[in-house]
Amino acid sequence: MSEAPSVDTAAHGIATGSRAVAVSDMPDALRQDVRLLGELLGTVLVESGGEDLLADVERLRELTIRAYTESGTEAFDEAVAFVDSLSLDRGEELARAFTCYFHLVNLAEEFHRIRVLREREDDPTPRAPEDSLAGTIAALREELGEEETRRRVAELEFRPVLTAHPTEARRRAVAACIRRISDLLAERDDPRLTKRALAENRRQLIAEIDTLWRTSPLRLDKPSPLDEVRTAMGVFDETLFTVLPKVYRAVDDLLAEDPDVPHRPVAPAFVRLGSWIGADRDGNPNVTHTITRAAAGIAAEHVLLGLERVATRIGRSLTLDAATTPPSPELEALWNRQRRMAEELTADIAGRSPDEPYRRVMLTIAERIAATRKRDADLAYGSPDELLDDLRVVQDSLAASDPRRAYGDLQSLIWQVETYGFHLAELEVRQHSAVHAKTLAEIDAGGPLSDMSEEVLETFRAIAAVQRRHGVLAARRYIVSFTQDAQDIANVYRLAEIALGTPEDVPVIDAIPLFETFADLQASTDVLDQMLELPQVQARLAQTERRMEVMLGYSDSSKDVGPVSATLALYDAQSRIAEWARRNDITLTLFHGRGGALGRGGGPANRAVLAQPPGSVDGRFKLTEQGEVIFARYGDPVIASRHIEQVAAATLLQATPSIEKRNSDAAREFADVAARLDEASRERFYQLVRAEGFPQWFATVTPQEEVGWLAIGSRPARRGLSVESLEDLRAIPWVFAWTQARINLTGWFGLGTALAAVGDLERLREAYQRWPLFATMIDNVEMSLAKTDTRIAKLYLALGDREDLSQLVLEELELTREWIVRITGQERLLAGHRVLGRAVQLRSPYVDALSLIQLRALRALRAGDADDATDAKLRRVMLLSVNGVAAGLQNTG
């Protein structure tokens, strides 16, 4: 990798076909970045392992590229033989080298995306409405008028909920090193850098790449739930806290007649963060009531520190003399209240701020925020609303003589308080309905309670404690997994009453049904009808102006009936639930339990929003953001802004009459196609997963068991000790294992048979053009298929002894690939997606190299004849390769 061989393969004369096109299509700036990083990695490899190590890396790289670009099997067979000939120590070094390479390429591509996004800000070329907030608001004005546009923007809601599922395979130490390398790479874009500065930057880059190489990519121990909480806090501190006010400002500028003229902002703080991290106990015994209380405390500490620092910074800058910027009577009254509250403190601040009324009031506000964090009852704010009242007094007073300062940084602070409160993110507790039923059965039996039941009751006491300490908004949503009856919701309220004893001590709870399986999705509206009869639900509807939330599970529905039927069932359920809400005068928020991988509802969120049925969004969108998706979407300020703006744009557009009519017309027009796709795909999926011995075969032909060794999440990978049925396995490792085997079955299986059952190519092409749900499904499957590799897949499938099931998978793979290419009218997969296609074509040979290393280790482990020392080495090589494949494919779970 000494001269960017990992990308600039044309220089070696071996790139052909689509991969050659991908290489030539790479932007010059990105090519230069990857060439530099590849060269420096090559230097590090030579310094660490000598020329022989780099030679072996180059040999495997050349073989896998030849195998990828040539039609025969000679190069592939050579690559397999070469990997099998390596010592375990060398195999480990190669796995680490290719993994490091992927981390470097990922950061280079991310930085280039940031570079492009910044260039777009200065590009006057109009973009599609769904691609930008500016286009969306212009489209809304044209279709709905100014008044209705402002009303819809004012009611906009986006609620991302951070979850800690085990899909982020990188260690925090590795992630931190990658971020430092990224920052150094960004420095090189500064045209003011001198030759000496560039040389110093290069020295620092190679030092950090050397650190990346020498840092073990494997965690020794699984992270605790609080480790996962602190990891999420890093994203808040580094990105989200400062990004959201900037997004709000961009919306406000679009609504303003003249954004350069100071004006009272009208854009709402439309984002509210939620979190399952430290609160989701469904099948995770590591999440306890003490963890939940600690998670709330950690989050509050972070947000209050952030608010305190901003308030202090603003206060110190408000050196406005009373003569030039006179205070209002309300500001003077606020200062007098502050003086009575803390005479010594305010006297000191006044001494440092002579005739500077705004400075002294804001610095006292900052001290009160600090007191809130430190739990100083004499000075602390009782609620975020109290703080907002004080800030608005300052703002209104400033607006009379200095509107630029009134609506500048001070408005950003107001938006931050409105967004985060004193709790940062609402903790949403989740528990399985069966656990509640078992607990109540024990209580009703009158005997001693099990540890499980005691913990259930303690959870409700923890919710009450969090609400007392941080406010009701800090933890009031309670997700009930596998809701199958209204009694499952009633049980939550009954348990809360039992746990707290007296009605006045019972916390505020919004019990939210989670419909996950195919059968539960079909029965959803019947259950919701029953819920409306519960007195606790009726009371909450009265208190919330008839607002209700319903959650839909993507993972288990896909594992239940396959990806095609699950997609259609989810659309149908949303349509029926939206109509149910309209009939019952409910303001509905549908909560989408999407994962990062395509088998778990992954794909671009904005396109998914635009494809939803009429009435199901209505300006409100809520979804889970998990694992690697959190860092991919929110880890960088520019990318985070872009993602939030795209989702907001799609959420606003989806409810316009034109989009709703397009979706409803398409659903009716292609209802016959949907019915055939559903029937045929589900039958095909059942043919595979209901075959006798399938669960055991699955565990054999994928590294499902070995993936469970990775210390990548606090949640257990399965519900029992072994995989006897698919119900034993969680949806995330189900997806992750198929991805590692380079089959990606959970994203596409059954679609080829379904498309063939429809049979009418012109009809399917028409559906692809006019039916957004179908187009989104086809495009997502296309990406999933592009990341499969038939040759690698055959080697994994050969680990099992079921030729019938292996053949079934391979036939469906080929059939699906054939139909996707025909429907999209392309000569190959992803030909119409230039950037994504280029990335996949360039990466695939290097993922192949890691897959071959993984297979070699997996076969040896399965043989079971190694001594303890060799077995330990095999396990390490196996896990290193899992990390590398995850880094190469990016969307893993």
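In this predicted model, helix H17 covers residues 433-445. Its 13 residues should span 18 Å at 1.5 Å a residue. The end C-alpha atoms lie 19 Å apart, which agrees. Five residues named in H17 are buried: Ser 433, Val 435, His 436, Thr 439 and Leu 440. Seen down the axis of H17, the buried residues fall within an arc of 160 degrees, so they line one face of the helix. The face turned away from this buried side carries Lys 438 and Ala 445, both exposed. Just after H17, Gly 446 adopts a positive phi of about 85 degrees.

Several elements cover the buried residues of H17. Among them are strand S4 (429-432) and strand S5 (477-481). Helix H18 (451-470) and helix H19 (486-500) also take part.

The packing of H17 with H18 was examined next. The two axes are 9 Å apart, at an angle of about 105 degrees. H17 and H18 are therefore roughly perpendicular to each other. From H17, the contact draws on Val 435, His 436, Lys 438, Thr 439, Glu 442 and Ile 443. H18 contributes Met 452, Ser 453, Val 456 and Leu 457. By type, the contact residues comprise five nonpolar, three polar and two charged.

A further helix pair involves H2 (residues 28-69) and H4 (residues 88-121). Their axes come within 9 Å and cross at roughly 175 degrees. An angle over 145 degrees counts as roughly antiparallel, so H2 is roughly antiparallel to H4. The residues of this contact divide into 19 nonpolar, one polar and eight charged.

Key
Residues are numbered from 1 along each chain as its sequence is written. This is a predicted model: local features need pLDDT of at least 70, side-chain atom pairs count only at pLDDT 80 or more; totals for chains, interfaces and linings use all residues. Side-chain values use heavy atoms; hydrogens and water are left out. Helices (H or I, at least four residues) and strands (E, at least two) are DSSP runs, numbered from the N terminus. The expected span of a helix is 1.5 Å times one less than its number of residues. Buried means under 20% relative accessible area, exposed over 50%, partly exposed in between (1.4 Å probe, protein chains only). The arc is that of the directions from the helix axis to the C-beta atoms. Contact means heavy atoms within 4.5 Å. Axes are lines fitted to C-alpha atoms, for helices over the stretch in contact, and angles run from 0 to 180 degrees between N-to-C directions. Angles under 35 degrees count as roughly parallel, over 145 as roughly antiparallel, 65 to 115 as roughly perpendicular and the rest as oblique. Ala, Val, Leu, Ile, Met, Phe, Trp, Tyr, Cys and Pro count as nonpolar, Asp, Glu, Lys and Arg as charged, and the others, Gly among them, as polar.
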